[in-house]
Amino acid sequence: MSLYAIGDFHLSLTVHKPMDVFGVEWTNHTQRIRENWLRTVRPEDTAVITGDHSWGRNLEECREDLDYIAALPGRKILLRGNHDMFWNAKKTERLNHEFSGRLEFLQNNFYVYEDYALVGTKGYCDEGRDTTPEQLENILSREEARLRRSFRLAEAAGLRKYIVFLHFPPTSIYERESRFTRMAEEYGAEKVIYSHCHGKKRYGDSIRGYQNGIEYKLVSSDYLQFVPEKIL
């Protein structure tokens, strides 16, 4: 069994939101995701999809996109992205119930892969869009608390090996550390996996490679050329 990760499918099987307007690399991306997945992920494998699953504005508009993901081979664990309007913190339990046996939703909880805890939250970084420092701090504090809850629940269950999943990069563009990297170091996480960064100009926005003993991996789908990345 292997563990894979990829993010930012940006599916739009119900709503009309073609992605090739963002670059030729997105041409036929829905078909390419499926073809590459079928060549890579086996039924016994686990894959974490790190957010921005669908352009739908609610669950009904996203349902066909989520069914598309559910039909792919393997165990699928979904993280919340900034465009996932069908999902807020109060809906995680409902989504896990509705898609039981097909999809698993990671927020304010954790999942187990072999002897690892898969922990995570959407995260956040400063992209210059926040109106006030107070607004930025409120969002960062909320996401920090959600990630710590994920760690603590895993720790209480007796797990001591961690892989962290974020949607946003772990640091803002001008940072080399953040509250998210420090928490990963505090708990001794082995890897931090994130997405959100699209286009060659954005791939270097945050940490890639090793820093302070932790491996940081970018898994945005266009960065990976729509091929799931093997994590373990």
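Start with Tyr203, which is buried at a relative accessible area of 13%. Buried here means under 20% relative accessible area, exposed means over 50%, and partly exposed is in between, with a 1.4 Å probe and protein chains only. Before going further, the basis: this is a predicted model, where local features need pLDDT of at least 70, side-chain atom pairs count only at pLDDT 80 or more, and totals for chains, interfaces and linings use all residues. Residues are numbered from 1 along each chain as its sequence is written, and side-chain values use heavy atoms, with hydrogens and water left out.

A pair of aromatic rings is described by the distance of the centres and the angle of the planes. Rings of Phe, Tyr and Trp (its six-membered ring) pair if their centres lie within 6.5 Å; planes under 30 degrees apart are stacked, over 60 edge-to-face, and the rest tilted. The whole structure has 10 aromatic pairs by this search. In one of them, Trp87 and Phe105 are edge-to-face, with 5.1 Å from centre to centre and 90° between the planes. Trp87 sits in the loop between E3 and helix H3 (92-98), and Phe105 in strand E4 (residues 104-106), 18 residues apart. Helices (H or I, at least four residues) and strands (E, at least two) are DSSP runs, numbered from the N terminus. Trp87 is buried at 1% relative accessible area, and Phe105 is buried at 0%.

Back to Tyr203: with Tyr223 it forms an edge-to-face pair, 4.8 Å centre to centre and 65° between the planes. Tyr203 is in the loop between E8 and E9, and Tyr223 in the loop between E10 and strand E11 (229-230), so the pair ties together parts 20 residues apart in sequence. Tyr223 is partly exposed, at 31%. Elsewhere, ring pairs link Phe86, Trp87, Phe99 and Phe105 into a cluster.

Now the sheet. In what order do the six strands of the open sheet run? The order is E5-E6-E7-E8-E10-E9, with mixed pairing; two strands pair if DSSP finds at least two bridges between them. Strand E5 (111-113) and strand E9 (209-211) are the edges, each pairing on one side only. E5 and strand E6 (residues 116-121) run antiparallel and are joined by three bridges; Tyr111 has Leu118 of E6 as its bridge partner.

Helix H4 (residues 133-156) lies across E6 and strand E7 (162-166), at about 165° to E6. Axes are lines fitted to C-alpha atoms, for helices over the stretch in contact, and angles run from 0 to 180 degrees between N-to-C directions. Helix H5 (residues 179-186) also packs on the sheet, touching E7, strand E8 (191-194) and strand E10 (214-218). Contact means heavy atoms within 4.5 Å.

Which residues of helix H1 are buried? They are His29, Ile33, Asn36 and Trp37. These residues pack against strand E1 (3-6), strand E2 (46-49), helix H2 (59-70) and strand E3 (75-79).

Last, Ile231, in the segment after E11, is buried at 6% relative accessible area. Ile231 and Ile6 are 225 residues apart in sequence, yet 10.0 Å apart in space, C-alpha to C-alpha. Not counting residues up to four places away in sequence, Ile231 touches Leu3, Tyr4, Ala5, Ile163, Lys191, Ile193 and Lys217.
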